[in-house]
Amino acid sequence: MLAVEAVDLVKDFNETRAVDGVSLAVPTGSIFGLLGPNGAGKTTTLRMLLGIIDPSSGTRLVLGRDRPLEAAPEIGYLPEERGLYPAMHARDAIAFMGALRGLPIAEGRRRADALLAEHGLGDWGRKSIRSLSKGMAQLVQLLGTIIHKPRLLFLDEPFAGLDAINQGRLEELIRREARAGVTIVFSTHVIAHAERLCEEIAIIAKGKVVFDGRVDEARSRLRPIVRLRTRASDGPWQSAIPDNARREGSEYVFELPEGGPEPLLKALIDGGAGIETLAIERPGLHDAFVSIAGNAAAAQMGQAAPQ
Amino acid sequence: MMRFIRSALVIARRDFTATVLSKAFIFFLLGPLFPLLFGSVFAGIGTNVAEQAKRPVVAVIAPKAEFERLQAARGRLVEAVGDGPLVDLVGYRPEPDLGGQQKRLLATRQPPVRAVLSGTLDHPKLVGALAADPGTESQLKLLLNEARAGEGASSSDLEVTNVAASSGTIVRDRALTAQISQVALFLLTLMLSTMVLSQLIEEKSNKVIEIIAAAIPIDAMFVGKLFAMLAASVLGLVVWISAGALLVQLVKHGGVATLPVPAVGWPAFLVLGVIYFGMNYLLFGAAFLMIGAQASTAREVQTMSMPVTFGQVLIFGFASTVVGALGSAKAIAASIFPLSSPMAMLARAAQDGAIWPHVVAILWQGLWVALILRVGAQLFRKTVLKSGPRRPWWKLRNA
């Protein structure tokens, strides 16, 4: 069963096409990552799925409804640009966000107190938002996103601006919600987060979905990578090295040949390579992303190395 | 529908507490002191009221010959001092029931009679609401002396009977009530307009708008914001009315009981006053919320404030045509035009006792509030949230 289904979503802003025929299918209970560089159309896609804006064309079904606002009490949303009323107390801010989604304000305050205590902010419930640190305020907003116990969570760049410790906490919170059966759709331009958390991803580039499927499936599009270091610098063993192998320091790096590791090893040994180290690595999502979306998109994401 | 109302209440509760519990609300409560000073300068706008007060009409019950002698005497005085300040005289033939005729004339509005002069030139009797108008009595003594010139009669021959009110004073007082109530309504709405203009700046600047727009219909947010401000304003209104009544009680001899009674009576007038204040606020508020929603910074709001204020002054001027001229085409147009309708109809309530036009007007105004809110919400979605509707706006349900 699908929690979110979008077919051919298009969004034009005047002459600019921000989203160009995006189709998504998010299974219920999954963690789904929307991956792509800034400006790829991730946020616009999420805003259409949430009903903040209407698509120029295409259809969307969110929790079985074609008008997402009708499902609002069952949805939580953490926008990319965080927003809270600075003068509000933390517990009131959380309760207010719950009230927007239909949770009675008194119940919201009760749950807010419990959630704040659970996350180490028990003493901050009656402090104004402006007195909290940025990380604390972000946590408050996140708690406000889940206060009404939604079935579906949309998180737009949830890790942006968080330090490593808070990123870890957020990852744990996402996993916990997923274990509780909540469907989570989050956008990110950080491949490592998607790799660690997601079962399914969609890669968006220039407003189009260029890949949609399981993370394993994305990785399996690439052959394993071989990293080889030899004692011999020359010899017949070199015929076993593919032509497109590259040198990284003293290592040869190349895709594992079609025949697999055994013929490669035999050729190296028989050819007198003198194997010092040989590692066969499974390609990461980053490599898959580069392969699927292209180097330009990867460079645009500004993170050649995963975080 | 219940969810819509609940959503609007969530926004209204947040905005109401944020407004009323802020330090700035004290300044809001003190606000009327400044426009009151401004308003006193403004008094010249309602020239109709002054006109009503300037030219009192005296009904003269006398035989034709005696009335003509009085008119001739008035003519001689006009030559000496000009027509402006003198009372107008309207002649009536004596009827058998003189007392009944006097009462009827004092109650008539065509023309609004300040006093009735009867008897003969030698033994004149004056009945009218003259306690606050000694000038009319003095002028009549002068006219009588002039009419009797050469007969040796003295001014002390005029027998004066004071009554509480005559049609002339009632029309004048009601016109005054109409004008004061209009000015009050205008000034209160003027104070609120800038606040309403900037209502959405907070959400837009701190990005809460994104969370709200994802959770509830934009219409509900508009309604919630508007009603929160209305509730805060009514709170202010109660404070101001109470303070005003207390001031009148302390300063004016006889207290609030001596205030001129509006045509529909005080209870109905106060109820209508609150309703028209609400309608006036909602009409202007909905329009200003729609305009202000397009602004993204406080500076843009400030830029918008001046034309908005000028617009309000123009509409107030239009609505003030109702004072002293209820049946005129302008007055009817002002009562129909949505933005001037509440002020015009409140002035009508002060001057005319009929209730049914108010029922029609309130329904009419309510319709326009709903329409402006609807258009405002759609415009907000389209221009601010960048969501172009796929269907015509009048068919669009919330996504």
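This is a predicted model: local features need pLDDT of at least 70, side-chain atom pairs count only at pLDDT 80 or more; totals for chains, interfaces and linings use all residues.
**Entry 1**

I looked up an open sheet of three strands in chain A, and its order is β2-β1-β4 with antiparallel pairing. β2(A), residues 16–27, and β4(A), residues 57–62, stand at the edges with a single partner strand each, so one side of each has no neighbour in the sheet. I noted that the twist averages 15° from one strand to the next.

I then followed β1(A), residues 2–13, and found nine bridges joining it to β2(A), the two running antiparallel. For one of the residues concerned, Glu5(A), the bridge partner in β2(A) is Ala25(A).

Helix α1(A), residues 42–50, lies across β1, β2 and β4 of chain A and runs at about 120° to β1(A).

**Entry 2: strand β3 of chain A**

I asked myself: is β3(A) buried or exposed? Five of the five residues of this strand, 31–35, are buried, so β3(A) is largely enclosed by the rest of the structure. In a regular strand, side chains alternate between the two faces of the sheet.

Next I listed partners of β3(A). With β7(A), residues 183–188, β3(A) pairs in the parallel sense over five bridges, and Leu35(A) stands opposite Thr188(A) there. With β8(A), residues 200–205, the pairing is parallel over four bridges, and Leu34(A) stands opposite Ala202(A).

**Entry 3: two helices of chain B**

I turned to α1(B) and α11(B), the latter spanning residues 218–251; their axes come within 7 Å and cross at roughly 40°. That angle makes α1(B) oblique to α11(B). The crossing is right-handed.

I read through the residues in contact. Those from α1(B) include Phe4(B), Ile11(B) and Phe16(B), and those from α11(B) include Met221(B), Phe227(B) and Leu235(B). By class, this contact has 17 nonpolar, three polar and two charged residues.

**Entry 4: where the chains meet**

How many residues does the contact take from chain B and from chain A? I found 22 from chain B and 25 from chain A. On the chain B side, the elements giving two or more residues are α1(B), 2–20, and α10(B), 208–215. The largest share of that side, seven residues, comes from α10(B). By class, I recorded 13 nonpolar, four polar and five charged residues on the side of chain B that touches chain A.

Conventions: Residues are numbered from 1 along each chain as its sequence is written. Chains are lettered from A and ligands numbered from 1 in the order in which they are written. Two residues are in contact if their C-beta atoms, placed from the backbone, lie within 7 Å. Ala, Val, Leu, Ile, Met, Phe, Trp, Tyr, Cys and Pro count as nonpolar, Asp, Glu, Lys and Arg as charged, and the others, Gly among them, as polar. Axes are lines fitted to C-alpha atoms, for helices over the stretch in contact, and angles run from 0 to 180 degrees between N-to-C directions. Angles under 35 degrees count as roughly parallel, over 145 as roughly antiparallel, 65 to 115 as roughly perpendicular and the rest as oblique. A crossing is left-handed if the near helix is turned anticlockwise from the far one by less than a right angle, and right-handed if clockwise. Two strands pair if DSSP finds at least two bridges between them. A residue is buried if 20 or more other C-beta atoms lie within 10 Å of its own, exposed if 12 or fewer, and partly exposed in between; C-beta atoms are placed from the backbone.
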